[in-house]
Amino acid sequence: MHHRLYSFLDKYNCLFNKQFGFRNAHSTNHALISITEKIRRALDNDEISCGVFLDFQKAFDTVNHDILLGKLDHYGIRGVTNDWFRSYLTNREQFTTINNNQSDSVLVTHGVPQGSVLGPLLFLVYINDLSSAVSYSMIHHFADDTNILYSDKSIKKINRQINYDLSLITQWLRANRISLNSNKTEIIIFRHKGRTIAKHLNFRISGQKIRTVEKNKYLGLYLDEHLSWNFQLNQLKSKLNRSCGLLSKLRYCQQRFIENCIFFNF
């Protein structure tokens, strides 16, 4: 069923083209290249880019089944097939086991089945129309890891347009019953070194101010406000130094092992 559903969605280009998660020939590399290239081109044009890194709260676990089935119907999954998905999602129970102690079973009323093949694909369908909710920004997804990006030469215009799109995203989140973790949602203002920005910038979503940061770890890569990669390279250097130290210690262990083998004629 996963193969049939994915083939159908892919054949008719139903999935958002900037969704890079759980899709054939798509990866975190493609998502990162797409984002960084857009930022780089903006910097080359002497523009400022504003990147908002959204953090959804347990997005896979809060999928509303009725809304999901309605979206499947919208994309052409109707009739008996839609009924099959309704049967697949309803009357499921879950429990947990710790040290051979099993909890009571609880009926699952929300979310896609954990550990299933279909679960991630159904989530892609659920979040697929978020991109159509915004008016100005470009959206990138890797499953629920979502970034919105907008570039312009005027920081005031960026502030205005981003806030407008954030208000639209807030409406979409409410309509689709997904919660946003405002404390973990962050903004980076990408710009050339030496270019200052106003301190009174105010970005809000769901009535809460979003924190502006100098760097953010997105899909395993640190993006900084000047796209300089200095912090990412320092992190990588630190990891490599630790690895080299470990290999150096292992070298002496290996040498001693070889000497013992020679001594005992192994």
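**Salt bridges in a predicted model**

Colleague: With which residue does D152 form a salt bridge?

Modeller: This is a predicted model, in which local features need pLDDT of at least 70 and side-chain atom pairs count only at pLDDT 80 or more, while totals for chains, interfaces and linings use all residues. Residues are numbered from 1 along each chain as its sequence is written, and side-chain values use heavy atoms, with hydrogens and water left out. A salt bridge here is a side-chain nitrogen of Lys or Arg within 4 Å of a carboxyl oxygen of Asp or Glu. The closest N and O atoms are 3.6 Å apart in the salt bridge that D152 forms with K157.

Colleague: Is D152 buried or exposed?

Modeller: Buried means under 20% relative accessible area, exposed means over 50%, and partly exposed lies in between (1.4 Å probe, protein chains only). D152 has a relative accessible area of 16%, so the residue is buried.

Colleague: In which helix do R40 and D44 both lie?

Modeller: R40 and D44 form a salt bridge, with the closest N and O atoms 2.8 Å apart. Helices are DSSP runs (H or I, at least four residues) and strands likewise (E, at least two), numbered from the N terminus. The two residues are four residues apart, about one turn of the helix, and both lie in helix α2 (residues 28-44).

Colleague: How many salt bridges does the rule give?

Modeller: Among them is the pair of D46 and R195, whose side chains meet at 3.7 Å, N to O. By this rule the count comes to nine salt bridges.
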